[in-house]
Amino acid sequence: MSRHERPDAGRAVEQNVEAAVADAAAREQGGPEPVDTAPDRIDPPGAGPFEAVLFDFSGTLFRFTERDEWFEGVTDDAGEPLHITAQAEIIRRMTAPTGEPVAFTDEERQAWEQRDLDPAQHRRAYLAVLRGSGITDPHAEKLYELIRTPSAWQPYPDTAQVLRELAARGIKVGVVSNIAFDLREVFALYGLDDLVASWSLSYEVGATKPRARIFRHALDALDVATDATLMVGDSAEADGGAMALGCAFGEVEPLPIEQRPDGLVRILTAAAIL
Ligand SMILES: [Mg+2]
């Protein structure tokens, strides 16, 4: 589908790429680095003692880390190599999308809304984002496959340490994620899969955060009480949904991994677990 059929798409692309160019320019001029502003406290304060910790995946235990070589040979719909800022903008849309990242058709919008419930809809939605960002086939298909590759996700520096310390203390661990592929493969790549007792993945459970059902799935699997459970995540809106069931919530910042060396340790220390 061409941009001509979607009058807003071209303008949105321009605005987003302009913003990415401005960010890149600010960084080159020594502009402000992203900083960790997550509070070192849990909500409600004083909750616990805890018998279980539920973790979000993306931006919490792991972060999507793109590689330059992914874009080698990838061209836009004019046949030109992608500028570095256009690459950054595409990755942003794929990993931290807010609202609708491109102008969707009705069918694509439906796929977008159901992307974490059905792998086929996930593929449809993200290919629409790539194509709407000016990436043509077969490049769009290639990039989509890379984004689903387990090695594209890297653990935060303190992820392994925290999971091992929780195991040593007998604290149960569950992962609760809005996701359309099997995260166990990502954890297995780092030898961490055995440290997670329950997996509540939206496409398997049939519900996404912040709906109660996905948190309930985790609590039932671990057989723990809500007031003995801490949810840790980078989204107050999605992960903080656990509070509606009576769990406590601790927020971390989804920074690049090298800029968040101890975010998990700090929140679990604030919760008096470590
Ligand atoms: Mg997250």
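Reply: Happy to! Let's begin with Ala 272, which counts as exposed because it has 12 C-beta neighbours inside 10 Å. Residues are numbered from 1 along each chain as its sequence is written. The model is predicted, so local features need pLDDT of at least 70 and side-chain atom pairs count only at pLDDT 80 or more, while totals for chains, interfaces and linings use all residues.

Ala 272 sits in the segment after α10 (263-270). Helices (H or I, at least four residues) and strands (E, at least two) are DSSP runs, numbered from the N terminus. The phi angle of Ala 272 is near 60 degrees, a positive value in a residue other than glycine.

Asp 223 also has a positive phi, about 55 degrees, and is not a glycine either. Look for Asp 223 in the loop between α9 (212-222) and β7 (229-233). Asp 223 is exposed, with 11 other C-beta atoms within 10 Å.

Now for the cis peptide bonds. One runs from Asp 43 to Pro 44, with omega near 0 degrees, and Pro 44 lies in the loop that links β1 (42-43) and β2 (52-55). Another cis bond joins Asp 137 to Pro 138, with omega near 5 degrees. You will find Pro 138 in the loop between α4 (119-132) and α5 (139-147).

How values were computed. Buried ≥ 20, exposed ≤ 12 C-beta atoms within 10 Å, placed from the backbone.
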